[in-house]
Amino acid sequence: MFTRKAKSRLALAVTALVLGAFQTALAQDTALEQPSLYDRLGGLAPISVVVSDFIDVIVPDPVLNRNPAIDAARKRVPAAYLKYQVTALVCQATGGPCRYQGRAMKDSHVQLNITEHEWDRMLILFKQVLAEHEVPTHETQELLGIVDSTKADIVASRASE
Ligand code: HEM
């Protein structure tokens, strides 16, 4: 039916079509791709400032420190260390270049017996700090989503609420 020449032309045309479609899909993908949350937050410098302020607010918080396990850990673990680890974690989770090398969330919080009430208190303080730094609504929601993804590993009990 087809001559050899016609067949190879057809094959070439099909290859060109497939490649063209592939290139268009690739171009569309690139156009749709938005900067990472890390970049939208402004990178490591602003992230480390927000984390630092957040740790400064939660460390002395009387509601959280009513829990004796939290209070004891706060006195034992340097705030500077927490700032470093939480910054690395947020940097990594938002698509930044850091690699979090601290302990897993369950391992570092299980002994603290953190309640739902304490979790909610932490969220109030976190939102306040984000608002003070004028983090936009969309980015705030994304950060809250990241924090929420750790809740099952951090909240241990419903006792003493
Ligand atoms: C009510 C909520 C929370 C409380 C009261 C709390 C408290 C603490 C305390 C006391 C420590 C030190 C524990 C120890 O070394 O013995 C710690 C460690 C840490 N927390 Fe939290 N935390 C809370 C939520 C979170 C959340 C939401 C995140 C991150 C999304 C987080 C990230 C970390 C990290 C990265 C460490 C250091 C882990 C390590 O030692 O390697 N925490 N937290």
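Biologist: Why does L130 count as partly exposed?

Modeller: A residue is buried with 20 or more other C-beta atoms within 10 Å of its own, exposed with 12 or fewer, and partly exposed in between, the C-beta atoms being placed from the backbone. L130 has 19 C-beta neighbours inside 10 Å, so L130 is partly exposed. This is a predicted model, in which local features need pLDDT of at least 70, side-chain atom pairs count only at pLDDT 80 or more, and totals for chains, interfaces and linings use all residues. Residues are numbered from 1 along each chain as its sequence is written.

Biologist: Where is L130 found, and what is it in contact with?

Modeller: L130 is found in helix 8; helices are DSSP runs of H or I with at least four residues, numbered from the N terminus. Contact means C-beta atoms, placed from the backbone, within 7 Å. Beyond neighbours within four places in sequence, L130 contacts V50, V135, T140 and L143.

Biologist: Which residues have the most contacts inside the largest nonpolar core?

Modeller: A nonpolar core joins buried Ala, Val, Leu, Ile, Met, Phe, Trp, Tyr and Cys residues through C-beta atoms within 7 Å. The largest has 14 residues, and I47 and V51 have the most contacts inside it. Helix 3 (44–58) gives the most to this core, 5 residues.

Biologist: How many residues surround the ligand?

Modeller: Near means a C-beta atom, placed from the backbone, within 6 Å of the molecule. The ligand is surrounded by 21 residues, with A73, G102, R103, S108 and M122 the closest. Helix 6 supplies the largest share of this shell, 4 residues.

Technical notes. Helices (H or I, at least four residues) and strands (E, at least two) are DSSP runs, numbered from the N terminus. Two residues are in contact if their C-beta atoms, placed from the backbone, lie within 7 Å.
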